[in-house]
Amino acid sequence: MIMTIILLVVGFIMLLVGAQHFVDGSAALAKNCKVSSLIIGLTIVSAGTSAPELAVSLSAAAQGSSEIALSNILGSNIFNLLAILGISAIMSPLIVEKNIIKRDFAGTALATLLLFICLAGFSIVGKYPATGVVSSAYITEVPRFGGLMLAGAYIIYLAYVFTKESGKEENFGECRTISNPKCAGLIILGLLMIIIGGRLVVHCAKELAMLVGMSQTLVGLTIVAIGTSLPELVTSIVATRKGQLGIALGNVLGSNMFNLLFILGLSAMISPIQVNIASIYDLFILLIVTIITWLFAFTERKLNKSEGVIMLIMYALTMTYAITR
(Lines give C-alpha, C1' and ligand atoms only; values in the text may rest on other atoms or scores of the structure.)
Protein backbone atom coordinates (compact mmCIF):
# COMPACT_ATOMS: atom_id res chain seq x y z
CA MET A 1 0.00 0.00 0.00
CA ILE A 2 2.89 2.38 0.81
CA MET A 3 4.40 1.77 -2.64
CA THR A 4 1.00 2.46 -4.24
CA ILE A 5 0.79 5.80 -2.43
CA ILE A 6 4.37 6.68 -3.48
CA LEU A 7 3.57 5.87 -7.13
CA LEU A 8 0.36 7.93 -6.84
CA VAL A 9 2.41 10.97 -5.72
CA VAL A 10 4.96 10.36 -8.52
CA GLY A 11 2.09 10.23 -11.01
CA PHE A 12 0.71 13.58 -9.86
CA ILE A 13 4.18 15.18 -10.02
CA MET A 14 4.63 13.89 -13.58
CA LEU A 15 1.21 15.30 -14.50
CA LEU A 16 2.05 18.76 -13.15
CA VAL A 17 5.58 18.98 -14.58
CA GLY A 18 4.45 17.52 -17.91
CA ALA A 19 1.61 20.04 -18.15
CA GLN A 20 4.09 22.88 -17.52
CA HIS A 21 6.28 21.73 -20.44
CA PHE A 22 3.26 21.03 -22.66
CA VAL A 23 1.71 24.47 -22.15
CA ASP A 24 5.04 26.31 -22.51
CA GLY A 25 5.86 24.48 -25.75
CA SER A 26 2.35 24.97 -27.17
CA ALA A 27 2.19 28.69 -26.36
CA ALA A 28 5.67 29.29 -27.79
CA LEU A 29 4.77 27.36 -30.96
CA ALA A 30 1.65 29.50 -31.41
CA LYS A 31 3.77 32.62 -31.00
CA ASN A 32 6.40 31.39 -33.49
CA CYS A 33 3.77 30.38 -36.08
CA LYS A 34 1.87 33.66 -35.53
CA VAL A 35 -1.41 31.91 -34.85
CA SER A 36 -3.70 32.38 -31.86
CA SER A 37 -3.21 30.21 -28.79
CA LEU A 38 -6.84 29.16 -29.31
CA ILE A 39 -6.02 27.34 -32.55
CA ILE A 40 -3.16 25.48 -30.81
CA GLY A 41 -5.56 24.62 -27.99
CA LEU A 42 -8.23 23.42 -30.43
CA THR A 43 -5.79 21.25 -32.37
CA ILE A 44 -2.42 20.10 -30.95
CA VAL A 45 -3.29 20.46 -27.25
CA SER A 46 -6.80 19.01 -27.48
CA ALA A 47 -5.72 16.04 -29.60
CA GLY A 48 -2.72 15.39 -27.34
CA THR A 49 -4.65 15.51 -24.07
CA SER A 50 -7.33 13.26 -25.59
CA ALA A 51 -4.80 10.48 -26.16
CA PRO A 52 -6.11 8.44 -23.17
CA GLU A 53 -9.71 8.62 -24.46
CA LEU A 54 -8.46 7.63 -27.93
CA ALA A 55 -6.54 4.64 -26.58
CA VAL A 56 -9.38 3.44 -24.33
CA SER A 57 -12.12 3.83 -26.94
CA LEU A 58 -10.22 2.28 -29.86
CA SER A 59 -9.07 -0.61 -27.68
CA ALA A 60 -12.63 -1.16 -26.45
CA ALA A 61 -13.99 -1.03 -30.01
CA ALA A 62 -11.38 -3.52 -31.24
CA GLN A 63 -12.39 -5.91 -28.45
CA GLY A 64 -16.10 -5.46 -29.19
CA SER A 65 -16.74 -3.58 -25.92
CA SER A 66 -18.63 -0.77 -27.62
CA GLU A 67 -20.42 0.32 -24.46
CA ILE A 68 -17.07 1.27 -22.87
CA ALA A 69 -16.02 3.17 -26.02
CA LEU A 70 -19.15 5.35 -25.96
CA SER A 71 -19.52 5.81 -22.18
CA ASN A 72 -15.84 6.81 -21.93
CA ILE A 73 -16.37 9.59 -24.49
CA LEU A 74 -19.64 10.86 -22.97
CA GLY A 75 -18.25 10.79 -19.41
CA SER A 76 -15.07 12.60 -20.45
CA ASN A 77 -16.97 15.31 -22.34
CA ILE A 78 -19.28 16.00 -19.38
CA PHE A 79 -16.23 16.20 -17.07
CA ASN A 80 -14.42 18.52 -19.51
CA LEU A 81 -17.30 20.97 -19.76
CA LEU A 82 -18.46 21.09 -16.14
CA ALA A 83 -15.44 20.22 -14.00
CA ILE A 84 -12.49 21.52 -16.04
CA LEU A 85 -14.12 24.74 -17.30
CA GLY A 86 -15.72 25.19 -13.87
CA ILE A 87 -12.38 24.96 -12.04
CA SER A 88 -10.67 27.18 -14.65
CA ALA A 89 -13.43 29.82 -14.33
CA ILE A 90 -13.09 29.83 -10.53
CA MET A 91 -9.32 30.33 -10.85
CA SER A 92 -9.70 33.17 -13.38
CA PRO A 93 -12.77 34.39 -15.30
CA LEU A 94 -12.50 32.97 -18.84
CA ILE A 95 -13.03 35.64 -21.49
CA VAL A 96 -14.86 34.06 -24.43
CA GLU A 97 -14.51 35.78 -27.80
CA LYS A 98 -17.57 36.21 -30.01
CA ASN A 99 -16.25 33.85 -32.69
CA ILE A 100 -15.72 31.09 -30.09
CA ILE A 101 -19.34 31.43 -28.95
CA LYS A 102 -20.65 31.41 -32.53
CA ARG A 103 -18.35 28.71 -33.93
CA ASP A 104 -16.83 26.42 -31.29
CA PHE A 105 -19.53 26.38 -28.63
CA ALA A 106 -22.22 26.27 -31.31
CA GLY A 107 -20.33 23.54 -33.19
CA THR A 108 -20.00 21.41 -30.05
CA ALA A 109 -23.69 21.84 -29.23
CA LEU A 110 -24.75 21.11 -32.81
CA ALA A 111 -22.61 17.96 -33.06
CA THR A 112 -24.05 16.68 -29.76
CA LEU A 113 -27.62 17.55 -30.82
CA LEU A 114 -27.34 15.82 -34.20
CA LEU A 115 -25.84 12.68 -32.65
CA PHE A 116 -28.61 12.62 -30.03
CA ILE A 117 -31.35 13.08 -32.64
CA CYS A 118 -29.91 10.31 -34.80
CA LEU A 119 -29.45 7.79 -31.99
CA ALA A 120 -32.69 8.63 -30.19
CA GLY A 121 -34.56 8.64 -33.51
CA PHE A 122 -33.24 5.23 -34.55
CA SER A 123 -34.06 3.84 -31.09
CA ILE A 124 -37.67 5.06 -31.37
CA VAL A 125 -38.35 3.66 -34.83
CA GLY A 126 -36.35 0.51 -34.07
CA LYS A 127 -34.08 0.67 -37.12
CA TYR A 128 -30.49 -0.47 -36.82
CA PRO A 129 -28.59 1.01 -39.76
CA ALA A 130 -25.48 -1.19 -39.96
CA THR A 131 -25.54 -4.95 -39.43
CA GLY A 132 -29.19 -5.16 -38.45
CA VAL A 133 -28.16 -7.40 -35.56
CA VAL A 134 -28.39 -5.70 -32.16
CA SER A 135 -28.27 -7.41 -28.79
CA SER A 136 -31.47 -7.19 -26.75
CA ALA A 137 -29.51 -5.07 -24.24
CA TYR A 138 -29.04 -2.38 -26.88
CA ILE A 139 -31.57 -0.22 -28.70
CA THR A 140 -29.59 1.24 -31.60
CA GLU A 141 -26.02 1.63 -32.90
CA VAL A 142 -23.53 3.92 -34.60
CA PRO A 143 -22.75 2.11 -37.90
CA ARG A 144 -19.42 2.14 -39.75
CA PHE A 145 -20.77 4.60 -42.32
CA GLY A 146 -21.95 6.84 -39.47
CA GLY A 147 -18.47 6.67 -37.99
CA LEU A 148 -16.99 7.75 -41.32
CA MET A 149 -19.36 10.73 -41.38
CA LEU A 150 -18.42 11.72 -37.82
CA ALA A 151 -14.67 11.57 -38.56
CA GLY A 152 -15.20 13.50 -41.81
CA ALA A 153 -17.17 16.18 -39.95
CA TYR A 154 -14.24 16.64 -37.56
CA ILE A 155 -11.78 17.13 -40.44
CA ILE A 156 -14.12 19.72 -42.01
CA TYR A 157 -14.43 21.52 -38.65
CA LEU A 158 -10.63 21.54 -38.24
CA ALA A 159 -10.10 22.96 -41.73
CA TYR A 160 -12.67 25.69 -41.03
CA VAL A 161 -10.96 26.64 -37.76
CA PHE A 162 -7.59 26.97 -39.49
CA THR A 163 -8.99 29.24 -42.20
CA LYS A 164 -10.61 31.51 -39.61
CA GLU A 165 -7.88 31.63 -36.96
CA SER A 166 -4.66 31.68 -39.01
CA GLY A 167 -2.86 35.02 -39.10
CA LYS A 168 -4.58 36.49 -36.05
CA GLU A 169 -2.44 38.70 -33.84
CA GLU A 170 -2.35 37.88 -30.14
CA ASN A 171 -0.59 39.24 -27.10
CA PHE A 172 1.22 36.29 -25.58
CA GLY A 173 2.32 38.24 -22.51
CA GLU A 174 5.20 36.52 -20.71
CA CYS A 175 5.37 33.63 -23.16
CA ARG A 176 9.03 32.64 -23.66
CA THR A 177 10.64 32.73 -27.10
CA ILE A 178 11.65 29.14 -27.88
CA SER A 179 12.89 27.64 -31.14
CA ASN A 180 10.46 25.39 -33.04
CA PRO A 181 12.55 22.20 -32.48
CA LYS A 182 12.64 22.91 -28.74
CA CYS A 183 8.87 23.63 -28.81
CA ALA A 184 8.30 20.22 -30.39
CA GLY A 185 10.56 18.60 -27.78
CA LEU A 186 8.70 20.27 -24.90
CA ILE A 187 5.31 19.28 -26.36
CA ILE A 188 6.33 15.64 -26.86
CA LEU A 189 8.08 15.37 -23.47
CA GLY A 190 5.21 17.10 -21.70
CA LEU A 191 2.61 14.89 -23.37
CA LEU A 192 4.51 11.69 -22.52
CA MET A 193 4.81 12.78 -18.88
CA ILE A 194 1.09 13.65 -18.79
CA ILE A 195 0.03 10.30 -20.25
CA ILE A 196 2.38 8.18 -18.09
CA GLY A 197 1.56 10.23 -14.99
CA GLY A 198 -2.16 9.92 -15.70
CA ARG A 199 -1.92 6.14 -16.09
CA LEU A 200 0.01 5.89 -12.79
CA VAL A 201 -2.60 7.98 -10.97
CA VAL A 202 -5.53 5.98 -12.36
CA HIS A 203 -3.89 2.60 -11.64
CA CYS A 204 -2.90 3.52 -8.09
CA ALA A 205 -6.22 5.23 -7.33
CA LYS A 206 -8.09 2.12 -8.53
CA GLU A 207 -5.98 -0.10 -6.24
CA LEU A 208 -6.54 2.15 -3.23
CA ALA A 209 -10.27 2.42 -4.00
CA MET A 210 -10.64 -1.37 -4.15
CA LEU A 211 -8.75 -1.69 -0.86
CA VAL A 212 -11.30 0.54 0.90
CA GLY A 213 -14.19 -1.46 -0.55
CA MET A 214 -15.36 0.50 -3.62
CA SER A 215 -17.06 -1.65 -6.27
CA GLN A 216 -15.60 -2.00 -9.77
CA THR A 217 -18.67 -0.25 -11.20
CA LEU A 218 -18.22 2.74 -8.90
CA VAL A 219 -14.48 2.86 -9.65
CA GLY A 220 -15.25 2.85 -13.38
CA LEU A 221 -17.84 5.62 -13.11
CA THR A 222 -15.56 7.86 -11.07
CA ILE A 223 -11.82 7.17 -11.12
CA VAL A 224 -11.49 5.76 -14.64
CA ALA A 225 -13.79 8.40 -16.22
CA ILE A 226 -11.99 11.25 -14.47
CA GLY A 227 -8.61 9.60 -14.98
CA THR A 228 -8.80 9.70 -18.78
CA SER A 229 -9.56 13.44 -18.49
CA LEU A 230 -6.64 14.20 -16.15
CA PRO A 231 -4.48 15.49 -19.05
CA GLU A 232 -7.19 18.02 -20.02
CA LEU A 233 -7.73 18.98 -16.38
CA VAL A 234 -4.09 19.58 -15.47
CA THR A 235 -3.28 21.25 -18.81
CA SER A 236 -6.20 23.69 -18.55
CA ILE A 237 -5.40 24.52 -14.91
CA VAL A 238 -1.73 25.19 -15.71
CA ALA A 239 -2.67 27.19 -18.82
CA THR A 240 -5.13 29.30 -16.78
CA ARG A 241 -2.51 29.94 -14.10
CA LYS A 242 -0.05 31.06 -16.79
CA GLY A 243 -2.66 33.37 -18.34
CA GLN A 244 -2.91 31.28 -21.53
CA LEU A 245 -6.72 31.33 -21.51
CA GLY A 246 -6.95 30.54 -25.23
CA ILE A 247 -5.16 27.24 -24.62
CA ALA A 248 -7.32 26.47 -21.55
CA LEU A 249 -10.60 27.10 -23.39
CA GLY A 250 -9.49 25.64 -26.72
CA ASN A 251 -8.23 22.51 -24.96
CA VAL A 252 -11.70 21.71 -23.57
CA LEU A 253 -13.76 22.62 -26.64
CA GLY A 254 -11.29 20.99 -29.02
CA SER A 255 -11.12 17.83 -26.88
CA ASN A 256 -14.91 17.52 -26.83
CA MET A 257 -15.12 17.85 -30.62
CA PHE A 258 -12.19 15.42 -31.03
CA ASN A 259 -13.84 12.90 -28.68
CA LEU A 260 -17.37 13.13 -30.05
CA LEU A 261 -16.54 13.24 -33.76
CA PHE A 262 -13.09 11.78 -34.40
CA ILE A 263 -12.68 9.17 -31.62
CA LEU A 264 -16.29 7.98 -31.80
CA GLY A 265 -16.04 7.98 -35.59
CA LEU A 266 -12.86 5.88 -35.65
CA SER A 267 -14.28 3.52 -33.01
CA ALA A 268 -17.45 2.98 -35.06
CA MET A 269 -15.40 2.32 -38.21
CA ILE A 270 -13.51 -0.42 -36.33
CA SER A 271 -16.71 -1.95 -34.96
CA PRO A 272 -20.29 -0.54 -34.99
CA ILE A 273 -20.98 1.06 -31.61
CA GLN A 274 -24.00 -0.53 -29.96
CA VAL A 275 -25.94 1.91 -27.78
CA ASN A 276 -28.06 1.14 -24.71
CA ILE A 277 -30.73 3.34 -23.13
CA ALA A 278 -28.33 4.56 -20.40
CA SER A 279 -26.02 6.03 -23.08
CA ILE A 280 -29.01 7.81 -24.67
CA TYR A 281 -29.72 9.41 -21.27
CA ASP A 282 -26.04 10.33 -20.86
CA LEU A 283 -25.96 11.86 -24.34
CA PHE A 284 -29.03 13.91 -23.45
CA ILE A 285 -27.31 15.09 -20.24
CA LEU A 286 -24.23 16.04 -22.29
CA LEU A 287 -26.45 18.02 -24.68
CA ILE A 288 -28.11 19.91 -21.79
CA VAL A 289 -24.82 20.79 -20.03
CA THR A 290 -23.29 21.85 -23.37
CA ILE A 291 -26.19 24.27 -23.97
CA ILE A 292 -26.06 25.60 -20.39
CA THR A 293 -22.29 26.20 -20.63
CA TRP A 294 -22.82 27.88 -24.00
CA LEU A 295 -25.43 30.19 -22.43
CA PHE A 296 -23.06 31.00 -19.55
CA ALA A 297 -20.38 31.97 -22.09
CA PHE A 298 -22.91 34.02 -24.08
CA THR A 299 -23.77 36.21 -21.08
CA GLU A 300 -21.11 38.94 -20.85
CA ARG A 301 -18.92 36.75 -23.12
CA LYS A 302 -17.13 35.13 -20.21
CA LEU A 303 -17.35 32.31 -17.69
CA ASN A 304 -17.10 33.90 -14.23
CA LYS A 305 -16.42 32.42 -10.81
CA SER A 306 -20.07 32.06 -9.77
CA GLU A 307 -20.84 30.22 -13.02
CA GLY A 308 -17.81 28.01 -12.38
CA VAL A 309 -19.23 27.07 -8.96
CA ILE A 310 -22.62 26.25 -10.55
CA MET A 311 -20.89 24.07 -13.14
CA LEU A 312 -19.06 22.09 -10.43
CA ILE A 313 -22.34 21.59 -8.55
CA MET A 314 -23.94 20.39 -11.79
CA TYR A 315 -21.10 17.89 -12.23
CA ALA A 316 -21.56 16.62 -8.67
CA LEU A 317 -25.30 16.13 -9.34
CA THR A 318 -24.54 14.36 -12.63
CA MET A 319 -22.13 11.99 -10.89
CA THR A 320 -24.64 11.35 -8.11
CA TYR A 321 -27.25 10.41 -10.72
CA ALA A 322 -24.80 8.13 -12.56
CA ILE A 323 -23.77 6.34 -9.35
CA THR A 324 -27.30 5.88 -7.97
CA ARG A 325 -28.58 4.76 -11.40
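A residue counts as buried when its relative accessible area is under 20%. In this predicted model, Arg103 has a relative accessible area of 10% and is therefore buried, and Asp104, with a relative accessible area of 0%, is buried as well. The side chains of Arg103 and Asp104 meet in a salt bridge, with a distance of 2.7 Å from N to O, and a search of the whole structure finds one such salt bridge. Side chains of opposite charge can pair when their charged atoms come close.

## Helices α1 and α9

Helix α1, which covers residues 2–33, and helix α9, which covers residues 230–241, have axes that come within 9 Å and cross at roughly 60°, so the two helices α1 and α9 are oblique to each other. The crossing in which α1 passes α9 is right-handed. On the α1 side the contact is made by Leu15, Leu16, Ala19, Gln20, Phe22 and Val23, and on the α9 side by Leu230, Val234, Thr235, Val238, Ala239 and Arg241. By residue class, this contact of α1 with α9 comprises nine nonpolar, two polar and one charged.

## Helices α11 and α12

The axes of helix α11 (residues 277–298) and helix α12 (residues 305–324) come within 11 Å and cross at roughly 175°, which means that α11 is roughly antiparallel to α12. From α11, the residues Tyr281, Ile285, Val289, Ile292, Thr293 and Phe296 meet Glu307, Ile310, Met311, Met314, Thr318 and Tyr321 of α12. The residues of the contact between α11 and α12 divide into nine nonpolar, two polar and one charged.

Definitions and conventions
Residues numbered from 1 in each chain as written. Predicted model: local features only at pLDDT ≥ 70, side-chain atom pairs only at ≥ 80, totals over all residues. Heavy atoms only, no water. Axes fitted to C-alpha atoms, helices over the stretch in contact; angles between N-to-C directions. Helix = DSSP H or I, 4+ residues; strand = E, 2+ residues; numbered from the N terminus. Parallel < 35°, antiparallel > 145°, perpendicular 65-115°, else oblique. Left-handed = near helix turned anticlockwise from the far one by under 90°. Contact = heavy atoms within 4.5 Å. Nonpolar A, V, L, I, M, F, W, Y, C, P; charged D, E, K, R; others polar. Salt bridge = Lys/Arg side-chain N within 4 Å of Asp/Glu carboxyl O. Buried < 20%, exposed > 50% of the residue type's maximum accessible area, 1.4 Å probe, protein only.
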